[in-house]
Amino acid sequence: MAQQTGKAPALMAIAEAQQLVKTYAKSFGQEQVALDEADGRVLAAAIRADRDYPPFNRSAVDGYAIRTADWEQGQRNYPVQETIFAGQAHQQELQPGFAYKIMTGAAVPTSANAVFRREDTTEGKGAVEIKVDTVTAFQNIARQGEDVQQEEVLVPAPILVNPSVINSLAAVGQAQVLVEKLPRIALFTTGDEVKPVDAAVSPIQIRNSNRHLLEALLRKWKLKPDVYQHIPDTKEALHQAIQEALQHDMIIMSGGVSAGDADYVPQVLQELGIEKLFHKLAIRPGKPVFCGKLPNGGIVFALPGNPFSCLVTFTLLIEHYLYHCFGFEGGPVYNYKLQQQRTKKHQLAEFFTVKINKDTTTLQPLQVNGSGDIRAGLMAHGLGVHPAEQQVLEQGQTIEFISFSNSLM
């Protein structure tokens, strides 16, 4: 038999894989939810101001409102014409030579154009003396429309709704909010050696940490799989479970994607009509990852079974996909300086856990003993990127940092 001398096909680079995943990203639709249910969801349409904000000239302090024309004529003592509380309309326009006593948040009538703080005055019976030497028109007054004007975009979209966004939405009367729908997800873990976390384990068995890792990662997006199953390492069991999930928007799997005799996942996926987009990438950890297109237009991510590989490939690929499905250009990637030199001995892009030092300008690599280390990701803020073409990262070199948090969307 003639020997085969051809080289194995080159592995796909992570940037190419991410670009490919992006082309299959699509919205899952939109839906209306109550304001108090919108936290953590992605706003689907920009919100415009329903009126000017502030909607009136608003006093920023407790004090006294006057006409600057009276001040400029040398007047420092003012009879109090009226007291105005927040939410209360004034009864009369301010007469020349008089002052309003006014509270924080109250509407300043247009007949007054400066407010003095109460602590800058001496109050007498029915009158006030102003004790400062200067005045500026509209001092201590938040003028109508200076924050945002009617019909101006207040909250852009897409944006991840957080408490600050909730506050702004409530301020403009958005009791119902249009958000991006969440995908229907089937989650599968695999492996005969993998047991539930509350089960007894033998010396050669492991607990199913990947199920809980993946569910926790999905919860960051308010996602909860509507199907979960642990599948034994048989083609028949894999075929049945995956076939029943083909109508989902996403199928996420862990384990069974490498080159072992029981790694049947890529074969079964393709037998079920799933179009392979890629299998194996030029990365470490996570090289065996599989991605495919479902017959209904959805997507499958089959991640390696080692916990760190699972974390890295979820961050690089599944989160990348979700960001683009929800309308974002990508996840939070920043540039930081590396605290210490780092060396690798292979030609793959490597992703390693780091934490941001207290000086907030440098990254400290964390020790991980291989992709099966159960400490992987512990105390980490995200991943440092060691490019494929660089064997050594020098101390102080600027590198890419991929945050584990999606709070900056």
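## Helix H7 and the pockets

Helix H7 gives five residues to the lining of the second largest pocket, the largest share of that lining. The model is predicted, and the values below are computed from it.

H7 covers residues 307-325, which makes 19 residues. From its first C-alpha to its last the helix reaches 25 Å, close to the 27 Å expected at 1.5 Å a residue. H7 bends by about 40° at Phe314. Of its 19 residues, 19 are buried, so H7 is largely enclosed by the rest of the structure. After the helix comes Gly327, with a positive phi near 95°.

## Domains

The domain assignment divides the chain into four entries. Domain 1 is given as 14-28 + 182-326 and domain 2 as 37-49 + 149-180. Domain 3 is given as 58-142, and domain 4 as 333-403. Between the C-alpha centres of domain 2 and domain 4 there are 36 Å.

Ala49 and Lys337 are 288 residues apart in sequence, and their C-alpha atoms are 41 Å apart in space. Pro156 and Ala45 are separated by 111 residues in sequence, with 7.3 Å from C-alpha to C-alpha.

## The second largest pocket

The second largest pocket holds about 380 Å³ of space. Its lining consists of 21 residues, and those nearest the centre are Gln18, Leu316, His320, Val333 and Ile402. Helix H1 (14-23), H7, strand E26 (349-356) and strand E30 (398-403) are the elements that give two or more residues to this lining.

By class, the lining of the second largest pocket has twelve nonpolar, six polar and three charged residues. Domain 1 (14-28 + 182-326) and domain 4 (333-403) both give residues to the lining, so the second largest pocket lies between them.

## The largest pocket

About 460 Å³ of space lies in the largest pocket, which is lined by 29 residues. Nearest its centre are Glu193, Ile206, Asn210, Gly305 and Asn306. Two or more lining residues come from each of strand E15 (185-190), strand E17 (206-207), helix H4 (209-219) and H7.

The lining of the largest pocket counts 17 polar, eight nonpolar and four charged residues. The largest pocket lies between domain 1 (14-28 + 182-326) and domain 4 (333-403), because both give residues to its lining.

## Cis peptide bonds

Most residues other than glycine have a negative phi, and most peptide bonds are trans. Tyr53 and Pro54 are joined by a cis peptide bond, with omega about -5°. Pro54 is placed in the loop between strand E3 (47-48) and strand E4 (58-59). Ala49 is also in the loop between E3 and E4. At 1% relative accessibility, Ala49 counts as buried, because the cut-off for that class is under 20%.

A cis peptide bond also joins Arg284 and Pro285, with omega about -5°. The loop that holds Pro285 runs between strand E21 (283-284) and strand E22 (290-293).

## Positive phi and partly exposed loop residues

Phe138 is not a glycine, yet its phi is positive, at about 65°. The residue is found in the loop between strand E10 (127-130) and strand E11 (141-142). With 25% relative accessibility, Phe138 counts as partly exposed.

Glu151 is another residue other than glycine with a positive phi, here near 75°. Its place is in the loop between E11 and strand E12 (153-155). Glu151 has 47% relative accessibility and therefore counts as partly exposed. Pro156 lies in the loop between E12 and strand E13 (159-160). Its relative accessibility is 44%, so Pro156 counts as partly exposed.

Note on methods: Residues numbered from 1 in each chain as written. Predicted model: local features only at pLDDT ≥ 70, side-chain atom pairs only at ≥ 80, totals over all residues. Heavy atoms only, no water. Helix = DSSP H or I, 4+ residues; strand = E, 2+ residues; numbered from the N terminus. Expected span 1.5 Å × (residues − 1). Bend = angle between axes of the 7 residues up to and from the residue. Buried < 20%, exposed > 50% of the residue type's maximum accessible area, 1.4 Å probe, protein only. Domains from an automatic or database assignment. 1 Å grid on protein atoms, 1.4 Å probe; cavity = no way out; pocket = protein on both sides within 12 Å on 5 of 7 lines; lining within 4 Å. Points joined across faces, edges and corners; volume = space filled by probe spheres on them. Nonpolar A, V, L, I, M, F, W, Y, C, P; charged D, E, K, R; others polar.
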